Amino acid sequence: MKEITQTMTSLAVVEVINDYRDEDSVKLLHNDFLKKIRKIADELGLGNISQSTYQNSQNKTQPMLILDKETCLLMVASETPKVLQAIIKRWQELEHATQVIADALEMEKEAMLKDLKLDATIEAT
């Protein structure tokens, strides 16, 4: 069975960071987070970051990055424990949802194979 890759966008990570930062903290701008990701990725030689785009509120195409779990956790390691906990919880939700989807796909596959075997048996008689 094909493995489902779990990722988070840089935009989603910034949203979680800003939601869970202390009220008196400065909000993180997505563009600043992109710079941080690129800097750390260059320093550590990370090659597992994909580029993508999104449409902002002015309908302009903007860059965003797709992060795997390890890269995401590296990028938020300097945040507060509250932010880090929120990111970890989000990853746990993603992992659970991915498992639910994988289980559903496996059950569907088994049902289809059972139907095919049944069809083959009927045709053979």
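This is a guided tour of the structure, one selection at a time. The model is predicted.

**Stop 1: the sheet**

Select the three strands. They form an open sheet in the order β1-β3-β2, and the pairing is antiparallel. The edge strands are β1 (8-9) and β2, each pairing on one side only.

Now look at the link between β1 and β3. Two bridges join these antiparallel strands. Pick methionine 8, then look across to β3: leucine 67 stands opposite.

Select tyrosine 54; its opposite residue in β3 is glutamine 62. β2 and β3 make a hairpin, with five residues between them. Stop in the turn at asparagine 59, where phi is positive, at about 65°.

**Stop 2: the nonpolar core**

Which residues touch the most other members of the largest nonpolar core? Select Val13, Ile17, Phe33, Leu67, Cys72 and Ile87. The core has 20 residues. At least two residues each come from α1 (10-20), α2 (30-44), β3 (61-67), α3 (69-76) and α4. Helix α4 gives the most, with five residues.

Centre on leucine 67 and show its contacts. Leaving out residues up to four places away in sequence, leucine 67 touches Gln6, Thr7, Met8, Val13, Phe33, Ile37, Ile49, Cys72 and Trp91. Met8 is also the residue opposite leucine 67 in the strand pairing.

**Stop 3: valine 83**

Go to helix α4, residues 81-124, and select valine 83. Is valine 83 buried or exposed? Its relative accessible area is 0%, so valine 83 is buried. Beyond its neighbours within four places in sequence, its contacts are Ile17, Tyr20 and Arg21. Ile17 is one of the core residues from the previous stop.

Next, draw a C-alpha to C-alpha distance from valine 83 to valine 13. The two are 9.9 Å apart in space but 70 residues apart in sequence.

**Stop 4: the salt bridges**

There are four salt bridges in the structure. Three of them follow.

Arginine 21 forms a salt bridge with glutamate 79, and the closest N and O atoms are 2.8 Å apart. What does this pair tie together? Glutamate 79 is in the loop between α3 and α4, while arginine 21 is in the loop between α1 and α2, so the pair ties together parts 58 residues apart in sequence. Both residues are buried.

Then select lysine 69 and glutamate 95. Their closest N and O atoms are 2.8 Å apart, in another salt bridge. This pair links distant parts of the chain, from lysine 69 in helix α3 to glutamate 95 in helix α4, 26 residues apart. Lysine 69 is partly exposed, at 33% relative accessible area. Glutamate 95 is partly exposed too, at 27%.

Finish with arginine 90 and glutamate 93. This salt bridge has its closest N and O atoms 3.5 Å apart. Both residues lie in helix α4, three residues apart, which is about one turn of the helix. Colour the pair by accessibility. Glutamate 93 has a relative accessible area of 38% and is partly exposed. Arginine 90, at 34%, also counts as partly exposed.

Notes:
Residues are numbered from 1 along each chain as its sequence is written. This is a predicted model: local features need pLDDT of at least 70, side-chain atom pairs count only at pLDDT 80 or more; totals for chains, interfaces and linings use all residues. Side-chain values use heavy atoms; hydrogens and water are left out. Helices (H or I, at least four residues) and strands (E, at least two) are DSSP runs, numbered from the N terminus. Buried means under 20% relative accessible area, exposed over 50%, partly exposed in between (1.4 Å probe, protein chains only). Contact means heavy atoms within 4.5 Å. A nonpolar core is a set of buried Ala, Val, Leu, Ile, Met, Phe, Trp, Tyr and Cys residues joined through side-chain atoms within 4.5 Å. Two strands pair if DSSP finds at least two bridges between them. A salt bridge is a side-chain nitrogen of Lys or Arg within 4 Å of a carboxyl oxygen of Asp or Glu.
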